[in-house]
Amino acid sequence: MRPKIYLFGDSITEESFSDGGWGASLANHFARTADVVLRGYSGYNTRWAMKVMEKVFPAEMNVGGGRSPLAVTVFYGANDACLPDRSSAFQHVPIDEYKQNLHAIVSHLKKRWPSTHVILITPPPIDEVARLLRHSFDENPSNLPERTNEAAGNYAKACVAVAGECRVPVVDLWTRMQQFPYWGKTYLRDGLHLTLGGNKIVFEEVIGKLHEVGLSLETLPADLPFINTIDHMNPLNAFKE
């Protein structure tokens, strides 16, 4: 009955329906106009995302004249940017492949649903000290962070470039968060994943991009009459159409 907005990404997307999460805030924001559907996979990179695209968005979704989603957010890169010689090397994807994978994901979604708005989100910045504090020496004997802010920035720039090449909106989270002082402790709870403040930034940025493409409470109809439109003297008139 309602159109859908899909959130496709890694753990930062998977966690987005937690208390105060950016996905939960989107669901609340569009509570009477659209269903926000979570498709987040902790630890995944774009290589793995490519392998599961058909399961996440099966062809059956198009059967019977099914309605195209209003939008899909694609939020990958934090795991792709793991360094290839550190403790999370198995998640690393070279930056050229990362760009190719993002292109393929956007192409797949737009080919299936031409009218759907695809919004890319860059990886966030990395607080390297906080990442080191998270892992014990046994887990990380090199005592070097498995991610660096410099690497995350390179992947963020690659994501922004792909968005330009594909002509789709992009949230440059890496740049946006670092515009504020003390961003590491304010927006990242463990040097990577989001605090309540970090979730608020993602929510506001995604809402802004949706508004830019014409998706807002002002443009999307409610699925059923609001209580303030129902005639107190003859309530059932509101449900005749």
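Buried means under 20% relative accessible area, exposed means over 50%, and partly exposed is in between (1.4 Å probe, protein chains only). The views below show a predicted model, where local features need pLDDT of at least 70, side-chain atom pairs count only at pLDDT 80 or more, and totals for chains, interfaces and linings use all residues. Residues are numbered from 1 along each chain as its sequence is written, and side-chain values use heavy atoms, with hydrogens and water left out.

**View 1. Here are Phe8 and Tyr76, an edge-to-face pair.** Rings of Phe, Tyr and Trp (its six-membered ring) pair if their centres lie within 6.5 Å; planes under 30 degrees apart are stacked, over 60 edge-to-face, the rest tilted. For Phe8 and Tyr76, the centres are 5.2 Å apart and the planes sit at 80 degrees. Tyr76 is buried, at 0% relative accessible area, and Phe8 is buried at 0% too.

**View 2. Now step back to the aromatic cluster.** Searching the whole structure turns up eleven aromatic pairs. One cluster takes in Tyr6, Phe8, Tyr41, Tyr44, Trp48, Phe57, Tyr76, Phe90 and Trp113.

**View 3. Finally, Arg112 sits over Trp113.** The charged end of Arg112 is 6.0 Å from the centre of the Trp113 ring. A charge sits over a ring if NZ of Lys or CZ of Arg is within 6 Å of the ring centre and within 35 degrees of the ring normal.
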